[in-house]
Amino acid sequence: MLNENIIILYMKNPDPIFYGMMDDLVIQTLKKQNATIIVTELEELSVIIGEEFIFLRNGEQIQFDAFLGYGYMAPKHYLDYMYFNFAAYTAGKTTLYSPFTENILQDKLLQYAKFSKCQVPFPRCSASFSVQQFKLNLSQFESKAIMKEVIGYEGTGVKLSCNKIQSTEIFCKSLWNGEQAIIQDFVSDSVGRSIRVLVIGGRAVSVTEFQDNIDFKSNGYSDDFKIESKMDCQKKEEYFRLAEKTCQAIDPNLTIGGVDIIDSRKHGLVVLEINQWPEITFSEDVTGLPLFEIFGQEFIRKIKKNKQDKM
């Protein structure tokens with residue numbers, strides 16, 4: 001089956017806050033795979049659901065094999081994207097993830113539940129659904145702990161609490177805002193350091209280290225932030241194996257995932273989370289690997305397999 005027959009409906013990110021030129025880079029990558037790309041904005045899309053699905057762009061019916069949007073979005077835009085994505089998936093189109101997988105990737109607490117089932121190491125955490133129960137569970141954690149909203153991007157909603165009073169205040173503010181926060185063990189010997197393994201099609205393809213001597217989250221918001229390639233590191237294969245196991249815990253056919261790992265002298269390797277829309281440019285720049293090309297090839301492979309399965 002020729003790639004020229006593949007049509008991808010690509011929705012540009014309505015909130016390109018974290019990603020800059022990512023849309024253009026992904027689109028260019030897919031075009032190099034000889035796919036036909038229909039570039040659209042979220043506000044141009046609609047769907048009619050009856051005995052069949054009818055997908056429209058600016059009121060005109062469109063045909064496509066796959067639907068793709070890349071990058072975190074504001075809550076209302078993400079909800080709209082999810083509705084369209086669910087319709088496309090249900091109609092037999094290829095999407096980046098299944099709606100079930102995407103739901104888990106959006107929520108750190110759901111990720112941790114899957115990690116626990118599959119024995120993926122991660123910092124212990126607790127979810128409470130009232131202030132009273134949160135206070136009761138505080139005795140199970142050290143005074144210094146991580147407070148984390150279960151839905152958040154690029155370190156937003158992640159705070160280091162220095163005592164239990166502060167932890168309670170953070171939890172109460174999240175509860176007031178209608179958000180779910182968890183408390184998590186603080187890995188104190190890896191402040192400002194994290195390993196990022198990029199997994200594409202279930203296979204680890206690159207590893208880098210995020211370093212920050214100012215911000216404990218190592219998310220790139222301080223002037224001290226830098227990224228280094230770890231492709232020649234002695235522990236590369238160990239990082240790769242853990243990252244692949246982590247993605248397997250969520251979905252054996254995960255298209256792409258950015259696995260964040262802490263390499264702790266005291267606790268060993270522990271997983272922080274899987275990023276469902278990992279930033280690819282940083283990893284490509286420092287490793288020199290053709291990561292966009294690998295991602296594009298994997299998404300095209302997924303489309304072709306889906307089309308073949310339906311024949």
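**Exercises on a pocket, a cavity and a helix**

Helix α9 makes the largest contribution to the lining of the second largest pocket, namely five residues. Helices (H or I, at least four residues) and strands (E, at least two) are DSSP runs, numbered from the N terminus. The model is predicted, so local features need pLDDT of at least 70 and side-chain atom pairs count only at pLDDT 80 or more, while totals for chains, interfaces and linings use all residues. Residues are numbered from 1 along each chain as its sequence is written, and side-chain values use heavy atoms, with hydrogens and water left out.

**Exercise 1.** Describe the lining of the second largest pocket.

*Solution.* A pocket is an open set of points on a 1 Å grid over the protein atoms alone, with protein on both sides within 12 Å along at least five of seven lines; a cavity is a set where a 1.4 Å probe fits but cannot get out; lining residues have an atom within 4 Å of a point.
- Step 1. The lining holds 13 residues, and Tyr-89, Thr-94, Asn-253, Lys-302 and Asn-306 lie nearest the centre of the pocket.
- Step 2. At least two lining residues come from each of β7 (94-95) and α9 (291-310).
- Step 3. By class, the lining has two nonpolar, five polar and six charged residues.

**Exercise 2.** Identify the residues that line the largest cavity.

*Solution.* 
- Step 1. The whole structure contains one cavity of 30 Å³ or more.
- Step 2. Tyr-72, Leu-105, Gln-106, Lys-108, Gln-111, Gly-152, Tyr-153, Glu-273, Ile-274, Asn-275 and Gln-276 form the lining of the largest cavity.
- Step 3. Two or more of these residues come from each of α4 (108-117) and β16 (268-275), and β16 has the largest share with three.
- Step 4. The lining comprises four nonpolar, five polar and two charged residues.

How values were computed
Nonpolar A, V, L, I, M, F, W, Y, C, P; charged D, E, K, R; others polar. Points joined across faces, edges and corners; volume = space filled by probe spheres on them.
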